[in-house]
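Colleague: Hi! Could you walk me through this structure while I have it open?
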Amino acid sequence: MQEPTFLILTVLAGQQTLHGYGITQAIEEVSAGEVTVRPGTLYAALDRLTAEGLVEVAHEDEWAAGRVRRHYRLTSHGSAVLRDEAERRRAVAALALDRLGATAPHPALGSA
Amino acid sequence: MPDRSPPTERRYARLLWAYPRWHRKLHGPDMTTAMLDADAARGHGLTRREAGGVIADGLRLRLRVRGVPGVALALLLAVVGAATAGATASRDVWRWTAAPYVSEQRAAALAATVAGPAAATGIERRDAAYGSWLEADSVLTALLGSPELRPGGVHLTYPPLSYQDHDPVGKAAAVLVADGWTTAIHRGPGSLGEVVADRDGLRLWFVAAGHEAGTYEPVIAVYPTPPSNAYAVGIAAAAIGALLGWLVAAAGLARARRRPPGLVAVAAVAATAGALASLPASLLNLVALGIADRDGSGAPPWVGYEFVLARPLAAVGALLLVCGWLVSLVPVHARIGSLSRVG
């Protein structure tokens, strides 16, 4: 699973619903500004995740001149996939820390 | 607060033209809203670099193909597209820029410089750059193609001549050079050799055939010199055709994601069968385009559409590809799966 996809699923996991810009903002916050997802990348990923059933449109707001704002949420299948991926990444991170001889858990990993 | 005037929305809508139509319809309004929301939060619109990134993402999406079967189909269609575009472009340039065909009389007069005083024992004429020399206008040849393809123009055969004390090919080349022709000599198995001579947009092809018992039979063909720019244009067109073939495959595969499985299967089978059927002719075309020598003596870049069995296969392949594309366009009254779960 690529990093932008993992981050999209992650930010949706902690929220009821998020719209497009909300997802972008949340990803920047979670990554401490290191990751910026362009609109093109975001919506290509949302399209694929929707087709795969990991994400769904919770509701959409429509107003004049054809403007639309869709709010997305994680599906149960998406939650399961995200959980598996997070566990896999945690196991790899723990292995790395073991090999480095770290004795204290990293704060971010400790707050799962 | 940044200006939310329609010009900004129009500018963002124009950026989205880089995206496939299905993506614009499905996500365009939402993407525009997201970009405007970002403008409101940041206090300024997209920078040029950011706008370039939006466009680049759209172009990448147009090219994106997922999965091994999808990539395989896209490659097949890229090959077919390259061969079709290369053949079409080079054939058009050939027709527009090649010199006019000569008459039998003029060809015989030009050939007399190397053939000697003897009259030709056989004269055939085909006013076509390349094609079948079997029974003319045969329906079977037109349908199935021909295993025997030669350059067009006027072909003359002469009575056998003795060569015991000279090199007929070298002598012919010397005579042609003295007459103002630019020549190149080729030697290979099956004949004493051949001379390819060019002058004033015409080519004279002299072959010393059948070298048994100290004699040879002169065969001379006179036809318009193959225009070298036809190959250059053909190669450029082939590159564009490859890209178009890939884009068509990517668009079809993206559309297939939102179609019922039965429809997808029919379209996929038709497209794959069509591409495979077109492959022999396509490969022949691309090989001819790629190995054309400086003399342009080889088969032209559309030889695949003339060759036996490759021709009808290419026709069937084209029909199947069109059918596959049309099936993928069949409208279905289904919303994207996620919207059906809304509420």
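Colleague: What should I know before we start?

Modeller: This is a predicted model, where local features need pLDDT of at least 70, side-chain atom pairs count only at pLDDT 80 or more, and totals for chains, interfaces and linings use all residues. Residues are numbered from 1 along each chain as its sequence is written, chains are lettered from A and ligands numbered from 1 in the order in which they are written, and side-chain values use heavy atoms, with hydrogens and water left out.

Colleague: Great. Which residues touch the most other members in the largest nonpolar core?

Modeller: They are A:Ile8, A:Leu12, A:Ile23, A:Leu46, A:Val55 and A:Tyr72, in a core of 36 residues. A nonpolar core is a set of buried Ala, Val, Leu, Ile, Met, Phe, Trp, Tyr and Cys residues joined through side-chain atoms within 4.5 Å. Buried means under 20% relative accessible area, exposed means over 50%, and partly exposed is in between, using a 1.4 Å probe and protein chains only.

Colleague: Which elements give two or more residues to this core?

Modeller: From chain A they are helix 1 (3–13), helix 2 (20–30), helix 3 (39–51), strand 2 (55–63) and strand 3 (67–74), and from chain B helix 1 (6–15), helix 2 (21–42) and helix 3 (48–63). Helices (H or I, at least four residues) and strands (E, at least two) are DSSP runs, numbered from the N terminus. Apart from this core lies another one of 25 residues, including B:Ala107 and B:Leu156.

Colleague: Back to A:Leu46. What does A:Leu46 touch?

Modeller: Leaving out residues up to four places away in sequence, A:Leu46 touches A:Ile8, A:Ile23, A:Val55 and A:Tyr72. Contact here means heavy atoms within 4.5 Å.

Colleague: And helix 2 of chain A, which of its residues are buried?

Modeller: A:Gly20, A:Tyr21, A:Gly22, A:Ile23, A:Thr24, A:Ala26 and A:Ile27. These buried residues pack against helix 1, strand 1, helix 3 and strand 3 of chain A, together with helix 2 of chain B.

Colleague: How do the axes of helix 2 and helix 3 of chain A cross?

Modeller: Their axes come within 11 Å and cross at roughly 110°. That makes helix 2 of chain A roughly perpendicular to helix 3 of chain A. Axes are lines fitted to C-alpha atoms, for helices over the stretch in contact, and angles run from 0 to 180 degrees between N-to-C directions. Angles under 35 degrees count as roughly parallel, over 145 as roughly antiparallel, 65 to 115 as roughly perpendicular and the rest as oblique. At the contact, A:Gly20, A:Ile23 and A:Thr24 of helix 2 meet A:Leu42, A:Tyr43 and A:Leu46 of helix 3.

Colleague: What about helix 8 and helix 9 of chain B?

Modeller: Helix 8 (residues 228–256) and helix 9 (residues 261–291) of chain B have axes that come within 13 Å and cross at roughly 170°. They are therefore roughly antiparallel to each other. The contact is made by B:Tyr231, B:Gly234, B:Ile235, B:Ala238 and B:Ala256 of helix 8 with B:Val264, B:Ala288 and B:Leu289 of helix 9.

Colleague: New topic: how many aromatic pairs are there over all chains?

Modeller: The count comes to two. Rings of Phe, Tyr and Trp (its six-membered ring) pair if their centres lie within 6.5 Å; planes under 30 degrees apart count as stacked, over 60 as edge-to-face and the rest as tilted. B:Trp94 and B:Trp302 form an edge-to-face pair, 5.0 Å centre to centre with 80° between the planes. B:Trp94 lies in helix 4 (residues 68–97) of chain B and B:Trp302 in the loop between helix 9 and helix 10 (310–328) of chain B, so the pair ties together parts that are 208 residues apart in sequence.

Colleague: Are those two buried or exposed?

Modeller: B:Trp94 counts as buried at 7% relative accessibility, and B:Trp302 is buried with a relative accessible area of 3%. B:Trp94, B:Tyr231 and B:Trp302 form one aromatic cluster.

Colleague: Last one: where is B:Asp57, and what is B:Asp57 in contact with?

Modeller: B:Asp57 lies in helix 3 of chain B and counts as buried at 7% relative accessibility. Leaving aside neighbours within four places in sequence, B:Asp57 is in contact with A:Arg38, A:Gly40, A:Thr41 and B:Tyr19.
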